[in-house]
Amino acid sequence: MKTANLDCQNCEMRSKSVFCDLKTSGIKKVSDNKCMGIYKKGEIIYHQGANPAGLYCVHDGKVKLSSISNDGKSTIISISSPGELFAHKNVFNNQVYQTSAIAIEESKVCFIEKKFFFDLLQEEPSVSLQLVSQMAKEMGAAVKSISDLTQKTVRARFATFLVDACKNFGKEIDGKTYLDIKLTREELASIVGGATETVIRLISDFKDEGLITQEGKTIVILDLDALKDEIDS
């Protein structure tokens, strides 16, 4: 990990973060009490089982939160993108990290010590409100994920991932939606809760059906409406 400096007042991701409503004085406090690390692709930010010293906010890049079970199986729980906090739940419940945080691509990630963050929440109600909103969305996403795993086929779950990725990571170019996230087949299988071989077959099927294509390692969405239909089929 390398370190870098960034004044939070000049951060273009602030509007997407829990700090979006802070006034100048509050932003200066955050800027003075955070540090930024630059992580290479595949570099671990923290390990599952470690004691939480604080929380993190993605400035640039993407970070996967991955959990390893007792039998050694790795499952991707979520992916954090620019402006999003992660590791905050462990700060509040004071439990060890239930996941490992790993950079999917080169990423700039800010770290905030938990004591300062607790003090900030008391001094700045706007941060508390934004944090509650984010955690409510995360709880909703977790409930939906559990429901999908028990009620939907792997095909429908893969379609759900592609539709969600379109919203979170999609870039429109010449009428096509390019997914600005590169995951291995194994990572995709982990996200949708299926075997790697099944995901490979689904990618081939979706290509044959004209739903997606690939340019290099980038998945391109060709028929978003048809993918949405797959979710409810």
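Biologist: Which residue stands opposite S100 in β8?

Modeller: S66 stands opposite S100. Please note that this is a predicted model, in which local features need pLDDT of at least 70 and side-chain atom pairs count only at pLDDT 80 or more, while totals for chains, interfaces and linings use all residues. Residues are numbered from 1 along each chain as its sequence is written, and side-chain values use heavy atoms, with hydrogens and water left out.

Biologist: How many bridges pair β5 and β8?

Modeller: Four bridges, in the antiparallel sense, pair β5 with β8, residues 100-103. Strands here are DSSP runs of E with at least two residues, and helices are runs of H or I with at least four, numbered from the N terminus. Two strands pair if DSSP finds at least two bridges between them. L65 has A101 of β8 as its bridge partner.

Biologist: And what joins β3 to β8?

Modeller: Two bridges do, and these strands run antiparallel. I102 in β8 is the bridge partner of I44.

Biologist: In what order do the strands of the sheet lie?

Modeller: The order is β3-β8-β5-β6, an open sheet of four strands with antiparallel pairing. β3 (44-46) and β6 stand at the edges with a single partner strand each, so one side of each has no neighbour in the sheet.

Biologist: Which way do the residues of β8 point?

Modeller: S100 and I102 point one way, A101 and A103 the other way, and all are buried, meaning under 20% relative accessible area with a 1.4 Å probe, protein chains only.

Biologist: Changing topic, which residues are buried in α6?

Modeller: In α6 (residues 185-192), the buried residues are E187, L188, A189, S190 and V192. They pack against β5 (63-68), β6 (74-80), α4 (125-151), α5 (154-169) and α7 (196-208).

Biologist: What comes just after α6?

Modeller: G193 follows, with a positive phi of about 70°.

Biologist: How do the axes of α4 and α5 cross?

Modeller: They come within 10 Å and cross at roughly 150°. Axes are lines fitted to C-alpha atoms, for helices over the stretch in contact, and angles run from 0 to 180 degrees between N-to-C directions. The two helices are therefore roughly antiparallel, a label for angles over 145 degrees.

Biologist: Which residues make that contact?

Modeller: K144, D148 and L149 of α4 and R157, T160 and D164 of α5 make the contact, which means heavy atoms within 4.5 Å.

Note on methods
Buried means under 20% relative accessible area, exposed over 50%, partly exposed in between (1.4 Å probe, protein chains only). Angles under 35 degrees count as roughly parallel, over 145 as roughly antiparallel, 65 to 115 as roughly perpendicular and the rest as oblique.
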